[in-house]
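Biologist: I am new to this structure and would like a close look at one part, the place where two chains meet. Please take me through it slowly.

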Amino acid sequence: MYNLLIGGAAGQGIETTAAILERLLKRSGYFVFTVRDFMSRVRGGHNFSLLRFGTEPIHSHSNRLDGIIAMDDETILQHISQLKPDGFILCDSKLTTTDARAMKLDMDGMAKKLGNPRVAGSIAIGVILKLFGESQDGAEDVFRAFVKQPLIEINLKALQEGYQFVETRFEHRKGSYKDWMLISGSHAVALGAAAAGLRFYSAYPMSPSTAIMETIASFADDAGIVVEQAEDEIAAINMAIGASYAGARAMTGTSGGGFSLKVEALGLSGMAEIPLVVIDVQRPGPVTGLPTRTEQSDLKFVISASQGEFPRLVIALRNAEDAFYQTMRAFHLAEKYQIPVILLSDQYIGDATATVEPFDPVRVQVMPSGNAYTSEEEYLRYRYTEDGVSPRLIPGKSEHLVCIDSDEHDERGHITESAEVRTKMADKRMKKLEDLEQELLEPEFIGADDFDTLILGWGSTWGPITEAVGLLNQNGKKRYAALVFGDIYPLPQKLLREKAAVAKRLINVEQNATGQLAGLVREATGITCDGSILKYDGRQITAEEILERMQREEEK
Amino acid sequence: MSTDTFSTYETAWCPGCGNFAILDCLKKALEQLGKKPSEVLLAAGIGQAAKTPQYLSANAFCGLHGRSLPAAVAAKIANESLTVIVNTGDGDSYGEGGNHFLHNIRRNVDITHFVHDNQIYGLTKGQASPTSIEGLVTGVQTDGNINEPLNPMLVAIACGAGFVARGFTGRKEQLISLMKQAIEYKGYALVDILQPCISFNKTNTFGWYNERVYELEESYNPQDKIAAMTRAMEFDEKIPLGVLYREEKCTYHQKNTVLKTGTPLLDQTTDPAVMNRLIASYI
């Protein structure tokens, strides 16, 4: 397994260079996992991508580097301490480093000679391909996806220049992931929504959620989807609810700040029983926080957001595969129970690209929007039923009238202040949870059954925790296991109770300061964690960090 | 022509409220246009005016305060065969929902917006609204309202609305005609309807309006934007009633690539080949 860092200032093409390189490596068969660390600015500063690849599955990043591709001095300065003794630095000859591991190359000069100073990144790609014994086959195809047509040739020439410059240094290993996808969590959400039959997506741009809107917009015309950039997040969610009421499968997305604005309308979806999927791509708060970085601190917020009580489902996305299939499932369950379903992602999983088996767009069955109504009885939008779910008709699709109200309402959907109706309606809404709870997905169990310590995690820490369990158990004594929640509210309890009962020690690993999952677990089950590994500096925890902090926890 | 296509229900409005006239005119306008209840969607926010959908037999979306426009335009985007009409108040439309008012003019989705403008907050029992006149004394504005009133007609024309009209509950025949023109107009149509609040606005009474209103003369050219803005600025001494401004414009549906195919959005599907191509583009 190799780990490369590509760093430089915003505007130096770090992202494109990483995107092309990761695709080329994946196409040669490697399993690739890349995370993006960037500042909230368009030019300057320090940005980097961490590109990890190998022949076995990789689900998280590591800070120990085999190579640094530096576009500026700052990159070397900040990351040289992470470079392995036998690692390399690839940089332009104008950089000031005197480190013996540096391979200096006049990339800027070569790029200028080729006729475009911006192709320096492609020279670097050529160097890397050669270092790792890769061929240049298929490069043209990949460049076509990332570079404008007139610039393809010059980029290929640049690649060739870099390729000639070095000798192969690392052994080429043959992986079997050539035909798998390389996709970020946010792109996978966009594809999952399309596969579920999304018709309307409304949002207001907000990092790190905007990639979802942009991805859907990129294929909306072909897929028959309307993407509307709303004037604010309040409009975005009210539009999604209006579209869903009228029969178009709808979704809205944002980050925590935008979710705060959407809160009242979340309750409208619950009260009026209009299916809705909302995604919160979390970033560190409070308020503006760290706009381009990662955190898991919105859990307790979204499970209780909006006044009053109504049923909702919260699903945390654990990886890119989850992002696709759970998005599809979110639409199905929103429709089935006529509730809001909240997807919790974060910057880490949203922006990281992972290698996944090609998605099967029909694996998850999604109910059509609205029901058929053949009964002889008068149609009542909020008819009392055994399971609390009333037949949902689409207005204008039949002679029946579909009336919804944010006020407490009677079965017809008309405003009421009757104490009796109020209680019956509240019961009807909450009744839907009974069936929903029966089909919750239990957390993923990682490790073997003879464990002492049980790690509890949720969402995007799935990757680091998975890897950490492997590292922790390396000595052969299988002392560690983990439960990582996807469905998180209502909290699935069966496996948790079972595993917690035999664990000697429970440790929650979360990207927040207060241990929100541990709090939720305690509230729902009375189970208390014995220790916590919490991180809230805006950077995702690594397996190595979990390992190290676990050892410290045990010394306590 | 049948006058019973739409049924009305018992209301919770104060006796003498201007909303009764609006409800009656709306019912007549819809019936005269030959609309069926199932093809009409009445949307509203919160407020006394926003109860209108509760009292007429049509599809109803009674959503959040200030948020009727986003929900209504999206319903129209989802299903263009619905006749979408927003009935809501001056506070809901111009105050809480002010941002949506501005931007939905720009969107120009083919919906109709009837603002029941009584220059006061009725449901919350008498505080200043965005259109309250300066000096109006209320339980909150105890020294008189010190804010200048918003001029919704002028704002709408300035933002590029293609149909801007003003009606009055004391001129019902004209109001029905304005409602019909607004519903038939292709694009966002605004009718600001002057309506006395008999319980809380003791200044802008039926008599106050009646003394000031006049119908735009037949020679008035509603396509003259400057003339429309000049008339829109009249309010204190005399108030023009009628279509102040009218311009034929491309609608959201005519401009959006997916919607201009003519297939209502809710009936569209994603071709599995498109889905497979998308997935393959990540390999």
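Biologist: How many salt bridges are there between chain B and chain A?

Modeller: The count is four salt bridges between chain B and chain A, a salt bridge being a side-chain nitrogen of Lys or Arg within 4 Å of a carboxyl oxygen of Asp or Glu. This is a predicted model, in which local features need pLDDT of at least 70 and side-chain atom pairs count only at pLDDT 80 or more, while totals for chains, interfaces and linings use all residues. Residues are numbered from 1 along each chain as its sequence is written, chains are lettered from A in the order in which they are written, and side-chain values use heavy atoms, without hydrogens and water.

One salt bridge joins the side chains of B:Asp267 and A:Lys397, at 2.9 Å from N to O. As for the side of chain B that touches chain A, β2 (59-62), α2 (68-78), α4 (98-107) and α10 (272-280) of chain B each supply at least two residues of it, and the largest share, seven residues, comes from α2(B); helices (H or I, at least four residues) and strands (E, at least two) are DSSP runs, numbered from the N terminus.

Counting contacts (heavy atoms within 4.5 Å), 49 residues of chain B touch 66 residues of chain A. Strand β15 (residues 403-405) of chain A runs parallel to β2(B) and is joined to it by three bridges, where strands pair if DSSP finds at least two bridges between them. Within this pairing, A:Cys403 has B:Ala60 of β2(B) as its bridge partner.
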